[in-house]
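Here is a short briefing on one protein chain. Look over the sequence and the fold, then read the points below.

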Amino acid sequence: MALPQQHRLRGRRVFDRLYRQGRRFQGPALVLRVLAADPSLLPPGTPPRPSPWRCGIVVSSKVSKLAVRRNRLRRLFHDQLLRHPPAPASPLWLLITLKPGCLERGEAQLLGECTHLLRQAGLLLDPGGQGGEQT
């Protein structure tokens, strides 16, 4: 299932800003970048509905040459974000980048790493019910 429009991150300027200025949390198979939202960078025609978070998933052809596999990975992460949405204190943009070689890990490991990085960024509650640090 794809992310609803209100949670999708689009636009070259947005991604460039995230790559340059986003706070980075890195794992063996993923990189999570987090940045405070700046609606002025969104492309024209983006739904005006405010959202506490927007996310983009980057799966390059270095991860898999097959578009079918790359799209499956994107859908997998979209579903995970919808089932366990981040809860930021203020609107944030998230960018999840999959590293080459991540296909060697199972889906459960990839989703576990994503959850771990979101907790590390303070966007999910810890298992004990305590929140992490906020960006």
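Predicted model: local features only at pLDDT ≥ 70, side-chain atom pairs only at ≥ 80, totals over all residues.

Setting aside neighbours within four places in sequence, Leu98 touches Ala29, Leu30, Ile57, Val58, Val59, Val63, Leu73 and Phe77. Leu98 is also among the residues with the most contacts inside the largest nonpolar core.

**Nonpolar cores**

- The largest nonpolar core has 28 residues.
- Leu32 and Ile96 join Leu98 as the residues with the most contacts inside this core.
- H3 supplies the largest share, 5 residues.
- A second core is separate and has 9 residues, including Val14, Phe15, Leu35 and Leu42.

**The sheet**

- Four strands form an open sheet in the order S1-S2-S4-S3. The pairing is mixed.
- Which strands stand at the edges? They are S1 (23-26) and S3. Each has a single partner strand, so one side of each lacks a neighbour in the sheet.
- From one strand to the next, the twist averages 20 degrees.
- S2 and S4 run antiparallel to each other and are paired over 7 bridges.
- Leu35 has Trp93 in S4 as its bridge partner. Leu35 also belongs to the second core.

**Helices against the sheet**

- Helix H1 (residues 12-21) packs on the sheet and touches S1, S2, S3 and S4.
- The direction of H1 makes about 80 degrees with that of S4.
- H3 lies across S1, S2 and S4. Its angle to S2 is about 35 degrees.

**Ser51**

- Ser51 sits in the loop between S2 and S3.
- Is Ser51 buried or exposed? Its relative accessible area is 13%. Buried means under 20%, so Ser51 counts as buried.
- A polar atom of the Ser51 side chain lies 2.7 Å from the backbone oxygen of Trp53.
- The backbone oxygen of Gln6 lies 3.3 Å from a polar atom of the Ser51 side chain.
- Leaving aside neighbours within four places in sequence, Ser51 is in contact with Gln6, His7 and Pro91.

Definitions and conventions. Residues numbered from 1 in each chain as written. Heavy atoms only, no water. Core = buried A, V, L, I, M, F, W, Y, C linked by side-chain atoms within 4.5 Å. Buried < 20%, exposed > 50% of the residue type's maximum accessible area, 1.4 Å probe, protein only. Helix = DSSP H or I, 4+ residues; strand = E, 2+ residues; numbered from the N terminus. Contact = heavy atoms within 4.5 Å. Pairing = 2+ DSSP bridges. Axes fitted to C-alpha atoms, helices over the stretch in contact; angles between N-to-C directions. Polar contact = N/O pair within 3.5 Å; in protein donor to acceptor, adjacent residues only side chain to side chain.
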